[in-house]
Amino acid sequence: MTLFKTIEEKKASGKVKKVFDHIKKERKIKKIPNFWKTIANDPETLERTWNSLKEVMKKGALDPLTKEMIYIAVSMTNSCEY
């Protein structure tokens, strides 16, 4: 049973559309993943989460690819189905 409906790209407007467009551009993807579409129910949370992720993923002591691999390893360890 779904608790939250997703905000589909074609129905996105205002802040949600702006963040969706930025996610697609920065991540070089054509389709917004369900994670982002779900938290878009609260545009402020969507924007805050996206901005936080950008900060975490920018180049630092670890490069972005290594950080992505850590995300995957942690997800697998926690049996995350997503």
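Author: Buried means a relative accessible area under 20%, exposed means over 50%, and partly exposed lies in between (1.4 Å probe, protein chains only). The model here is predicted, so local features need pLDDT of at least 70 and side-chain atom pairs count only at pLDDT 80 or more, while totals for chains, interfaces and linings use all residues. Residues are numbered from 1 along each chain as its sequence is written, and side-chain values use heavy atoms, leaving out hydrogens and water.

Reader: Why is Trp-50 called buried?

Author: Its relative accessibility is 4%. The cut-off is under 20%. Therefore Trp-50 counts as buried.

Reader: What makes up the secondary structure of the protein chain?

Author: There are four helices and zero strands. Helices (H or I, at least four residues) and strands (E, at least two) are DSSP runs, numbered from the N terminus. The order from the N terminus is α-α-α-α.

Reader: How many aromatic pairs does a search of the whole structure find?

Author: Two. Phe-35 and Trp-36 form one of them, with 4.9 Å centre to centre and 80° between the planes.

Reader: What makes Trp-36 and Trp-50 a pair, and of which kind?

Author: Their ring centres are 5.6 Å apart, within the 6.5 Å limit. The planes stand at 85°, so this pair is edge-to-face. Trp-36 lies in helix H2 (residues 34-39) and Trp-50 in helix H3 (residues 43-57), so the pair ties together parts that are 14 residues apart in sequence. Phe-35, Trp-36 and Trp-50 form one aromatic cluster.

Reader: Which residues touch the most other members of the largest nonpolar core?

Author: Val-16, Phe-20, Ile-23, Trp-36, Leu-46 and Trp-50 do, in a core of 13 residues. Helix H1 (14-27), H2 and H3 each give two or more residues to this core. A nonpolar core is a set of buried Ala, Val, Leu, Ile, Met, Phe, Trp, Tyr and Cys residues joined through side-chain atoms within 4.5 Å. In soluble globular proteins, nonpolar side chains tend to be buried together.

Reader: What does Leu-46 touch?

Author: Leu-46 touches Val-16, Val-19, Phe-20, Trp-36, Ile-39 and Ala-40, not counting residues up to four places away in sequence. Contact means heavy atoms within 4.5 Å.

Reader: Where is Ala-40, and why is Ala-40 called buried?

Author: Ala-40 sits in the loop between H2 and H3. Its relative accessible area is 3%, under the 20% cut-off, so Ala-40 is buried. Beyond its neighbours within four places in sequence, Ala-40 contacts Ile-7, Val-16, Phe-20 and Leu-46. The C-alpha atoms of Ala-40 and Val-16 are separated by 6.3 Å, although these residues are 24 apart along the chain.

Reader: How do you know which residues of H3 and H4 meet?

Author: Contact again means heavy atoms within 4.5 Å. Leu-53, Val-56 and Met-57 in H3 meet Pro-64, Lys-67, Glu-68 and Tyr-71 in H4. These residues divide into five nonpolar, no polar and two charged. Here Ala, Val, Leu, Ile, Met, Phe, Trp, Tyr, Cys and Pro count as nonpolar, Asp, Glu, Lys and Arg as charged, and the others, Gly among them, as polar.

Reader: What is noted about phi of Lys-28?

Author: Phi of Lys-28 is near 55°, a positive value in a residue other than glycine. Lys-28 lies in the loop between H1 and H2. At 75% relative accessibility, over the 50% cut-off, Lys-28 counts as exposed.

Reader: Why does Met-69 count as exposed?

Author: Met-69 is found in helix H4. Its relative accessibility is 51%. The cut-off is over 50%, so Met-69 counts as exposed.

Reader: What share of the protein chain is buried?

Author: Buried residues make up 18% of the 82 residues.

Definitions and conventions
Phe/Tyr/Trp six-rings, centres within 6.5 Å; stacked < 30°, edge-to-face > 60°.
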